[in-house]
Amino acid sequence: MRVLPSSIAGSWYPADPEALRQLLTRESAALPPVPEGAPVPNLLILPHAGYLYSAATALYGIRRLQGAHFSRVVVLAPSHRCAIRDRLVAPESAAVATPFGDIPLDEEALTRLGRAFPLVRSDAVHAGEHAAQIEYPLLQYGLVDFRLVPLIVGDFSDSGRSRAAAALRTILDRDTLLVISSDFTHYGASFGFTPFDGQAAAEVRKLDLAAFDAIRKLDAPGFAALLRRTGATICGYQPLLLLLQTVPADTRFELLHYTNSAERTRESAEFVCYLCAAGYARWPEPESLTPAEQEFLLNLARRTIEYAFAHHRKLPETEYAAELTAGLRQPRGCFVTLNTRDGELRGCIGEIEARRPLAQAVVERALDAAFGDPRFLPVTPEEWPELRLEISVLTPPHPVADWSEIELGRHGIILEKAGRGAVFLPQVAPEQHWDLATTLTQLSRKAGLPPDAWREGARFSVFEALVFHES
């Protein structure tokens with residue numbers, strides 16, 4: 001397995017695992033106790049300076065994770081050295097190394113992310129970026145047995161940021177911790193930021209707390225406007241803006257600690273500020289199926305199509321009824337999708353309303369996707385081994401008052417107007433790299449309506465989907 005070594009061990013933090021653990025334990029013991037009954041956050045904003053300066057601040061957040069279980073940690077870090085535009089960058093390697101050991105990457109999540117947004121794999125970018133690497137030992141100190149999705153973030157266009165947020169939402173769930181790596185204002189001549197004649201630390205504190213207040217209010221435009229107006233040198237502003245566009249509207253943030261490097265160096269003319277905050281997001285999730293149930297449905301869909309090739313009729317229910325769990329007998333809407341190895345659509349048919357047991361719906365729609373999609377010729381036995389199955393299990397649809405309430409990457413969309421209608425699954429817009437306006441324009445066209453028909457007089461309903469596919 002290819003492992004990306006740490007390029008900052010021995011400089012930004014100790015390279016010896018015991019010395020590193022002692023440092024973190026000593027810094028943690030010096031902090032006030034965690035308030036009794038404090039909730040476990042699933043979002044953290046952490047600084048990324050050397051541990052001499054920032055570890056104590058970061059540990060205010062890391063200590064909140066003690067005893068928690070997260071199977072996946074997504075780290076969004078700014079790019080200090082590479083120009084990146086409308087891309088996310090992950091390592092090429094299968095794991096990253098720290099003095100505490102290797103952390104495996106979550107390849108399944110990275111594959112899903114890469115299908116929805118441009119994802120570059122580069123060890124060179126990650127080896128040169130301390131902002132991501134600095135967080136890894138802290139996460140190992142607070143958590144055990146997790147996989148990592150480390151992403152370097154550069155500049156975004158407005159549409160690029162919207163698409164990146166939609167893509168991120170496809171991998172954020174109740175078992176995922178999202179970490180934003182950012183130092184706050186860098187003050188001094190060497191940073192090109194010296195707007196205050198006196199009491200610089202106090203004035204910078206006011207500035208940073210005003211920025212955090214915008215974050216707390218989920219006010220992305222206000223946060224961006226403050227940076228433009230003041231020139232505040234918050235190096236992680238792009239990951240923070242991406243965070244604000246990604247989280248649900250009821251997300252809460254709590255400031256845990258704020259300080260600056262002058263507290264240690266006593267250098268008042270040049271200093272960097274550090275902030276730690278906890279966040280609490282309720283990532284929307286459709287009703288779940290176990291991994292075994294998902295695997296069963298994929299196998300059932302494949303058996304159904306292969307049975308049709310061999311016997312020219314539908315797979316009898318007696319062939320699979322004894323294997324059905326209660327969850328597979330529940331009425332659920334679903335779509336069955338066939339893709340080529342290159343990711344090209346080969347068939348997709350579904351039913352939105354839950355009108356029969358899920359297993360039966362998958363059998364029917366697998367046949368329709370293979371042999372009844374009017375956009376394609378029927379699948380042949382020769383091409384069948386090269387096709388991949390994907391199943392989307394749907395939540396019940398509900399109407400929204402206005403198209404602006406639709407969240408790309410989360411919502412499947414139903415458009416109805418003038419007796420016509422069309423549907424997109426939640427994964428369509430991220431996979432096509434569409435913003436909301438483009439998505440609705442394409443949906444209008446799919447319904448046989450003028451491209452701008454969605455803007456006035458159309459009715460919209462939304463649903464969510466649990467999407468799983470063959471590897």
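Predicted model: local features only at pLDDT ≥ 70, side-chain atom pairs only at ≥ 80, totals over all residues.
**Rings around Tyr-187**

Phe-196 forms an aromatic pair with Tyr-187, with 6.1 Å between the centres and 10 degrees between the planes. I noted this pair as stacked. For Tyr-187 I found a relative accessibility of 4%, so this residue counts as buried.

I then checked Tyr-187 against Phe-271. Their rings also make a stacked pair, at 5.3 Å centre to centre and with 20 degrees between the planes. I looked up where the two residues sit: Tyr-187 belongs to strand β10 (residues 186–187) and Phe-271 to strand β12 (residues 271–280). They are 84 residues apart, and I recorded the pair as a link between distant parts of the chain. Both Tyr-187 and Phe-271 are buried.

Which residues do the ring pairs join into a cluster here? I listed Tyr-187, Phe-193, Phe-196 and Phe-271. For the model I have a count of 9 aromatic pairs.

**Charges over rings**

The charged end of Arg-21 is placed over the ring of Phe-100, 4.5 Å from the ring centre. Arg-63 lies over the face of Tyr-60, and I noted 5.7 Å to the centre of that ring.

**Helix α9**

I went through α9, residues 220–230, for burial. Ala-220, Phe-223, Ala-224, Leu-226 and Leu-227 are buried. Why do they fall on the same side of α9? I found that they cover an arc of only 155 degrees around the axis, and this puts them on the same side of the helix.

I checked the face turned away from the buried side of α9 and found the exposed residues Pro-221, Arg-228 and Arg-229 there. I also looked for what covers the buried residues; α8 (200–216) and α10 (237–246) are included in that cover.

Last, I looked at the two ends of the helix. At the start of α9, a side-chain oxygen of Asp-219 comes to within 2.8 Å of the backbone nitrogen of Gly-222. After α9 comes Gly-231, and I noted its phi as positive, near 75 degrees.

Conventions. Residues numbered from 1 in each chain as written. Heavy atoms only, no water. Buried < 20%, exposed > 50% of the residue type's maximum accessible area, 1.4 Å probe, protein only. Helix = DSSP H or I, 4+ residues; strand = E, 2+ residues; numbered from the N terminus. Arc of directions from axis to C-beta. Contact = heavy atoms within 4.5 Å. Polar contact = N/O pair within 3.5 Å; in protein donor to acceptor, adjacent residues only side chain to side chain. Phe/Tyr/Trp six-rings, centres within 6.5 Å; stacked < 30°, edge-to-face > 60°. Lys NZ or Arg CZ within 6 Å of the ring centre and 35° of its normal.
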